Amino acid sequence: MQKKNLIISLIILALAVASGLYIFNKESKIKKANNMQAQGETGDPFANIVFPEGIDEATREVMQKNIDGARAMYAKMPEAWETWIAIGSMRQMFGDYNGALSAYHQSIGLQSNNVLGYRNMAEVYNKNLNDYEKAEVYYKLALENNTIDSEIYVSLALVQQYKLNNPEAAEKTLLSGLTRVTDKRDILLRLIALYKTTNQLDKQTKAEELLKTLEQKDGQVLETIGVQ
């Protein structure tokens with residue numbers, strides 16, 4: 001009986017250690033990523049907004065609406081993470097990419113499992129600053145907080161395949177997403193394109209067959225050979 005209780009105690013201890021290590025590793029990755037970005041914001045977040053020269057009135061009106069919306073949120077809820085997402089989006093629209101990153105970072109500081117904050121930072125690094133290593137870090141952090149968003153898997157895989165020249169990592173990302181998301185179509189399409197580009201015909205064929213099987217449930221079969 002004592003031996004059985006000892007075994008149970010050891011199992012419980014092992015589970016506790018494993019859980020602690022998982023939490024520690026996740027927090028370490030977040031801390032490491034956050035150290036890439038300046039801490040906090042002070043002053044008026046709307047102080048240095050400058051409209052681009054030569055924009056038409058319709059564009060200026062849209063940009064002004066974004067300013068007004070973000071300003072209204074800031075006046076009402078300055079400590080809400082959603083407010084800083086709005087401020088970041090507004091700054092990104094104005095081409096102030098470092099300012100956008102700072103605002104998104106502020107939103108993460110207010111809500112650590114804030115998927116939008118991580119994803120939006122990844123998008124800035126990917127599409128605006130061409131810093132693909134940091135984009136990969138933040139896409140991965142976004143996925144840790146939302147494992148079922150197929151769009152994030154696809155965006156991360158594209159960065160890994162084409163910007164970091166790592167198709168193996170891209171394949172791993174897509175296969176991981178395939179086991180988690182409900183709507184698998186977008187991930188399968190990207191996986192097929194990856195296999196086509198890397199000349200992995202057997203894997204491409206299997207992925208196409210799986211996609212056709214899924215589509216047949218709705219009475220439709222998509223032709224996927226030639227997906228770019």
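I looked up contact range first, with contact meaning heavy atoms within 4.5 Å. In this protein, 51% of the contacts between residues at least 6 apart in sequence join residues at least 24 apart.

I noted the ground rules next. This is a predicted model, in which local features need pLDDT of at least 70, side-chain atom pairs count only at pLDDT 80 or more, and totals for chains, interfaces and linings use all residues. Residues are numbered from 1 along each chain as its sequence is written, and side-chain values use heavy atoms, with hydrogens and water left out.

I checked confidence. pLDDT is the predictor's confidence in each residue, from 0 to 100. Its mean here is 84, and 77% of the residues reach 70 or more. Residues 6-39 stay under 50, with 26 contacts beyond four places in sequence. Residues 220-228 also stay under 50, with 20 such contacts. Where pLDDT is low, the predicted coordinates should not be read in detail.

I went through the secondary structure. Helices (H or I, at least four residues) and strands (E, at least two) are DSSP runs, numbered from the N terminus. I found 10 helices and zero strands.

I turned to burial. Buried means under 20% relative accessible area, exposed over 50%, partly exposed in between (1.4 Å probe, protein chains only). Of the 228 residues, 36% count as buried.

I looked for nonpolar cores, which are sets of buried Ala, Val, Leu, Ile, Met, Phe, Trp, Tyr and Cys residues joined through side-chain atoms within 4.5 Å. The largest has 37 residues, and Tyr138, Tyr139 and Ile187 touch the most other members. Helices 4 (97-110), 5 (115-128), 6 (132-145), 7 (150-163), 8 (167-178), 9 (185-197) and 10 (201-216) each supply at least two residues of this core. Another core, of 10 residues, lies apart from it and includes Phe46, Ile87, Met90 and Ala103.

I followed Tyr139. Not counting residues up to four places away in sequence, Tyr139 touches Arg119, Ala122, Glu123, Asn126, Ile152, Ser155, Leu156 and Val159.

Glutamate 136 counts as buried because its relative accessibility is 17%. Beyond four places in sequence, glutamate 136 is in contact with Leu156, Gln160 and Leu164.

I finished on helix 9. Its buried residues are Ile187, Leu188, Leu189, Arg190, Leu191, Ile192, Ala193, Leu194 and Tyr195. These pack against helix 7, helix 8 and helix 10. Asparagine 199 follows helix 9 and has a positive phi, near 60 degrees.
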